[in-house]
Amino acid sequence: MSSHFDNDWTPGSDLLAAYADGEFEGRDELVVLRRRVEEWLGRHPRAQEELAQYRKLRQLWLATSPAEPSSDAWSRMQVNLQRLCAQSAPRLCGRRRAPWAASALVAAACLTVVITFQSVRQPGQTNGLPVINLSSNQNPFPVVGEREVTILRVNGDDARSVVVGVLPLQGLMDVAAKGDVTLTSMKPHGRSNVMPNVHQRGPDAPMMIWARTDSEPEK
Amino acid sequence: MIVPKLVLCMATLIGCVEYATWQDAPSSKVTVTVVVILASEEGNAIDARLKAIAEEVQAKEPKFKSFKLKSMECRPIGKDEKADFLTVDRKIAHVVAKTCAGKNNRVCLAVTPPELGEIVYESVCGKFLPIVTPYQTESKERLILAIRVMPCKGE
């Protein structure tokens, strides 16, 4: 069978992908190009086989895609996220704000909503995809409250990234003063028998226990 | 390479111990909070949460210019129960909650900071006791521990 087209021509991967996705259908200006691709596929059985596998995979993908959440569900999600961000404003909105933290949270929330909706399917069509209509008392993305999580340990630099939860140290450190602490005993340590001292500038000043290094003079 | 001398102040390890009543309920626990602080002779950044400790440390040793909050940890401890708190460079601070004889609204702790002997004291709840240790990191940062106990009897 003679070909009207150049036998040395090879369609690029993007052209083949467009053909596989049906982007040539219904477009009169691409009729010649479509025929050229089809003619090339007729001469390359392996490419035809790969095309068939790709189309099969695409059908499988469409069949298992999660349902698109309704606009109402997205609106409720946005309200919850704004409320959550407002509660955590002192940590995320200070001088050392980590702007990426809010973006990462929104992205994680959106991804979780999409995955959650996979298990909730209802009839109805919007743009060819089923739509989930949640009732008003359904929360697709429940988030723990501020006091429902206790942080047991966190590095100092990471504390501002904690969105919810009670930190071991909240706010400024309240230091003990005279009368708040009574020493019972202290033992020396090491070869140099280092014995700490109690340091306090005044009766109302904070007190601390100070152990000098070998290079520090004894005061 | 000149290694600047950094002084590590170890703030007192304060365990916040949830101590309802030691005598009445031996199984009650207190919550011990340990804040690990590193003080350095370099820089000038002072963590806002450490302002009170920084002022006292600098009053005694002005060479300390910056104070960094390395980590914070909170753990429930039972009576005579020992808890290990990781500080820096795999150094461990040991804390044991004890009974304070005849004392209300106070908790007794036995604290063994890195490179120091045991320190036994009784403390009110909700306030940190800083302990400046002699330990220094490779960067010459001085280790300080701050310890708090929560809550006391009746709180």
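## Terms and model

A residue counts as buried under 20% relative accessible area, as exposed over 50%, and as partly exposed in between. By that rule Arg75(B), at 25% relative accessibility, is partly exposed. Glu73(B) has a relative accessible area of 9% and is therefore buried. The model is predicted, and the values below are computed from it.

## Chain A

Chain A contains six helices and seven strands. Along the sequence these elements follow the order α-α-α-β-α-α-α-β-β-β-β-β-β. Of the 219 residues in chain A, 31% are buried. Among contacts in chain A between residues at least 6 apart in sequence, 51% join residues at least 24 apart.

## The interface of chain A and chain B

The size of an interface is often given as the accessible area lost when the parts come together. Here chain A and chain B bury about 4300 Å² between them, with 57% of it on carbon and sulfur atoms. On the side of chain A, the residues that lose the most area to chain B are Arg153(A), Met173(A) and Trp210(A), which together account for 16% of what that side buries. In terms of contacts, 45 residues of chain A meet 53 residues of chain B.

The count of residue pairs in polar contact between chain A and chain B is 22, with both residues at pLDDT 80 or more. Strands S4 (153-155), S5 (181-186) and S7 (207-210) of chain A each supply at least two residues of the side that touches chain B. The largest share, six residues, comes from S5(A). By residue type, the side of chain A that touches chain B divides into 24 nonpolar, 11 polar and 10 charged residues.

## Salt bridges across and beside the interface

How many salt bridges does the rule find across the interface of chain A and chain B? There are four. One joins the side chains of Arg153(A) and Glu73(B), at 3.1 Å from N to O. Within chain B, the side chain of Glu73(B) also meets that of Arg75(B) in a salt bridge, at 2.4 Å from N to O. Through shared partners, Arg153(A), Glu73(B) and Arg75(B) form one network of salt bridges.

Over all chains, the whole structure has 13 salt bridges. Another of them, in chain B, pairs Arg49(B) with Asp47(B), whose closest N and O atoms are 2.8 Å apart. Both Arg49(B) and Asp47(B) are buried.

## Asp180(A)

Asp180(A) sits in the loop between S4 and S5 of chain A. Its relative accessibility is 13%, so Asp180(A) counts as buried. Within chain A, a polar atom of the side chain of Asp180(A) lies 2.9 Å from the backbone nitrogen of Ala177(A).

Toward chain B, the side chain of Asp180(A) makes a polar contact of 3.1 Å with the side chain of Lys127(B). Leaving aside neighbours within four places in sequence, Asp180(A) is in contact with Arg106(B), Glu122(B), Ser123(B), Val124(B) and Lys127(B).

## Strand pairing between and within chains

S7(A) and strand S7 (residues 129-136) of chain B pair in the parallel sense over two bridges. Trp210(A) has Val132(B), in S7(B), as its bridge partner. Trp210(A) is also one of the residues of chain A that lose the most area to chain B.

In chain B, S7(B) and S8(B) pair in the antiparallel sense over five bridges. Gln136(B) has Arg142(B), in S8(B), as its bridge partner. The hairpin of S7(B) and S8(B) has five residues between the strands, and Lys140(B) takes a positive phi near 65° there.

Strand S1 (residues 29-40) of chain B also runs antiparallel to S8(B), joined by nine bridges. Val36(B) stands opposite Leu145(B) in S8(B). Eight of the nine residues of strand S8 (residues 142-150) of chain B are buried, so this strand is largely enclosed by the rest of the structure.

How values were computed: Residues are numbered from 1 along each chain as its sequence is written. Chains are lettered from A and ligands numbered from 1 in the order in which they are written. This is a predicted model: local features need pLDDT of at least 70, side-chain atom pairs count only at pLDDT 80 or more; totals for chains, interfaces and linings use all residues. Side-chain values use heavy atoms; hydrogens and water are left out. Contact means heavy atoms within 4.5 Å. Buried area is the accessible area (1.4 Å probe) that two parts lose on being put together, summed over both. A polar contact is a pair of N or O atoms within 3.5 Å; within protein, one must be able to donate a hydrogen and the other to accept it, and residues adjacent in sequence count only if both atoms are side-chain atoms. Helices (H or I, at least four residues) and strands (E, at least two) are DSSP runs, numbered from the N terminus. Ala, Val, Leu, Ile, Met, Phe, Trp, Tyr, Cys and Pro count as nonpolar, Asp, Glu, Lys and Arg as charged, and the others, Gly among them, as polar. Two strands pair if DSSP finds at least two bridges between them. Buried means under 20% relative accessible area, exposed over 50%, partly exposed in between (1.4 Å probe, protein chains only).
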